[in-house]
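Visitor: I would like to go through this model and ask on what grounds its labels are given.
Guide: Then let us look at the model and take the labels in turn.

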Amino acid sequence: MLASSVKKASTENGAEQVLPNGYEPSEDEEFMNERQLAYFKRALKKWKQEIIDESKETLAHLQDGPIQEADLNDRASSETDWGLELRTRDRQRKLTSKIDAALRRIDEGEYGYCQVTGEPISLDRLKARPIATMTVEAQEAHERNEKISRDQ
C-alpha cells in the first residue's frame, strides 16, 4: 500500500492506527473497533483545531484596535458584528469542551455508547455529530422531558 493512500491516527493506547484514505466506519465491522475509534479521534481533533484557528483569527482581528468609524450607523453596525462574533466564539469555546469530553470518552473506552441507555449510538449519528452522547431516541426523550419541565 502506498504511503500516500493511508493516514495515521492515534488509538487509545497511543499507538498509531493506519487508516486507509477515504476510510468511513461501516456497520459491517465491529462497533467501535480501533479503526473506528481512530477515525473519530482524528475527526474530533481536526474539528477542534479548526475552531482554535478561527478563534486566533478573531483575536487578531479584535486586537487591530477599537472601532474607528466616524459615522454612528457604521460604528453601530461594526459593534453589532463584533458582538455576534464574540458570541459565536463563546459557543465554539463551549463546543471545544464537548470535543475534549468526547476525546476523553474515546480514551476511557466509553465513546459511541449512549450515556442514558448504554446502547450503541448509530455510526450515522456519530459521523454527523461526533460529540453525541445519546442515541436519537434517548435524545428525543430527553428533549420531550425538558419541554415538559419548561412548560410547567
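**Pockets, core and rings**

Guide: This is a predicted model. The largest pocket is lined by Tyr39, Phe40, Arg42, Ala43, Lys46, Trp47, Glu50, Leu126, Lys127 and Pro130.

Visitor: What makes α1 the element that gives the most to the lining of the largest pocket?
Guide: Seven residues of the lining come from α1. Both α1 (34–62) and α3 (123–128) supply at least two residues each. About 200 Å³ of space lies in this pocket.

Visitor: How do the residues of that lining divide by class?
Guide: Six are nonpolar, none is polar and four are charged.

Visitor: Which helix gives the largest share of the lining of the second largest pocket?
Guide: Helix α2 (residues 72–108) does, with three residues. The lining includes Lys98, Arg125, Ile131 and Gln139, and by class it has four nonpolar, two polar and four charged residues. The volume of this pocket is about 160 Å³.

Visitor: Why is Phe40 called buried?
Guide: Buried means under 20% relative accessible area. Phe40 has 1% relative accessibility, so Phe40 counts as buried. Tyr39, at 13%, therefore counts as buried too.

Visitor: Why is Phe31 called partly exposed?
Guide: The partly exposed class begins where buried, under 20%, ends, and exposed means over 50%. Phe31 has 21% relative accessibility, so Phe31 counts as partly exposed. Tyr113 has a relative accessible area of 30% and is therefore partly exposed.

Visitor: How many aromatic pairs are found in the whole structure?
Guide: The search finds four.

Visitor: What makes the pair of Phe31 and Tyr113 edge-to-face?
Guide: Ring centres must lie within 6.5 Å for a pair, and planes over 60 degrees apart count as edge-to-face. The centres of Phe31 and Tyr113 are 5.2 Å apart and the planes are at 85 degrees, so the pair is edge-to-face.

Visitor: Why is this pair said to tie together parts apart in sequence?
Guide: Phe31 is in the loop between β2 (16–20) and α1, while Tyr113 is in the loop between α2 and α3, so the parts tied together are 82 residues apart in sequence.

Visitor: Why is the pair of Tyr39 and Phe40 called edge-to-face?
Guide: Their ring centres are 5.1 Å apart with planes at 85 degrees, so this pair is edge-to-face. Ring pairs also link Tyr39 and Phe40 into a cluster with Tyr23 and Tyr111.

Visitor: Which residues have the most contacts inside the largest nonpolar core?
Guide: Met32, Phe40, Leu44, Ile99, Ile106, Tyr111 and Leu126 do, in a core of 23 residues. The largest share of this core, six residues, comes from α1.

How values were computed: Residues numbered from 1 in each chain as written. Predicted model: local features only at pLDDT ≥ 70, side-chain atom pairs only at ≥ 80, totals over all residues. Heavy atoms only, no water. 1 Å grid on protein atoms, 1.4 Å probe; cavity = no way out; pocket = protein on both sides within 12 Å on 5 of 7 lines; lining within 4 Å. Points joined across faces, edges and corners; volume = space filled by probe spheres on them. Helix = DSSP H or I, 4+ residues; strand = E, 2+ residues; numbered from the N terminus. Nonpolar A, V, L, I, M, F, W, Y, C, P; charged D, E, K, R; others polar. Core = buried A, V, L, I, M, F, W, Y, C linked by side-chain atoms within 4.5 Å. Buried < 20%, exposed > 50% of the residue type's maximum accessible area, 1.4 Å probe, protein only. Phe/Tyr/Trp six-rings, centres within 6.5 Å; stacked < 30°, edge-to-face > 60°.
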